[in-house]
Amino acid sequence: AERRLNRTIREMAALEYSMAQQKRELEEGIAEILQTHVQTANGNFAVRAPLSQDHILWQIAYSLNNLIARLQRLAQAEVELQQMKLEARHAVGALQQQAGQIQVELRHIQTEAMSLVEMLREAKAKGQPVPSAVSRTLLDPLYKELVGTSVRPVLPPSSR
């Protein structure tokens, strides 16, 4: 009977030791998972719960690590999206500036074209050659071609 009592006491001690070890392993695992949560909540998406497959809380740690990896990819995608938006704003701004410059140049060309038409009408009406002029626009080659040219009224075709 004393033997059985001693064996039961040893079994109870071994069981108590095993339970204490499991409790300590659970507490350490929970602390690791909690620390991983805290770091992730503070924006550290590079952190991972360092529990191995033989740990009782491994499935929870694995799931948490998977979630953090997805958050990390999402955060990186957000950074890239913001960068693309910034680049797009700069590109649109540059294009708008160019469009404004083109609009100013077109207005200037339109004004010069109207001036050229008026100059040609006057030269034609007076029977004089086209006077020299500079427009500082794309019309300059046309002005150079016309300078000194006499513009005559077109006569209607003779009828026979």
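A: Ile 56 lies in the loop between α1 and α2 (58–126), where helices are DSSP runs of H or I with at least four residues, strands are runs of E with at least two, and both are numbered from the N terminus. This is a predicted model, in which local features need a pLDDT of at least 70 and side-chain atom pairs count only at 80 or more, while totals for chains, interfaces and linings use all residues. Residues are numbered from 1 along each chain as its sequence is written, and side-chain values use heavy atoms, with hydrogens and water left out.

Ile 56 counts as exposed because its relative accessibility is 59%; exposed means over 50% relative accessible area, buried under 20%, and partly exposed in between, with a 1.4 Å probe and protein chains only. Together with Leu 26 and Ile 30, Ile 56 forms a nonpolar surface patch with about 280 Å² of accessible area. Such areas come from the Shrake-Rupley method with a 1.4 Å probe, and for residues only the protein chains shown count as cover. Patch residues have over 30% relative accessible area and no salt bridge, with nonpolar side chains (Val, Leu, Ile, Met, Phe, Trp, Tyr) joined within 5 Å and like charges within 9 Å; a salt bridge is a side-chain nitrogen of Lys or Arg within 4 Å of a carboxyl oxygen of Asp or Glu.

Glu 32, in helix α1, counts as partly exposed because its relative accessibility is 36%. Leaving aside residues up to four places away in sequence, Glu 32 touches Pro 50 and Leu 51, a contact being heavy atoms within 4.5 Å.

Just after α1, Gly 43 takes a positive phi of about 95 degrees. The buried residues of α1, namely Gly 29, Ile 33, Thr 36 and Thr 40, pack against α2. In α2 the buried residues include Ala 61, Leu 64 and Ile 68, and the buried residues of this helix pack against α1 and α3.

As for confidence, pLDDT is the predictor's confidence in each residue, from 0 to 100. The protein averages 91, and 94% of the residues score at least 70. Where pLDDT is low, the predicted coordinates should not be read in detail.
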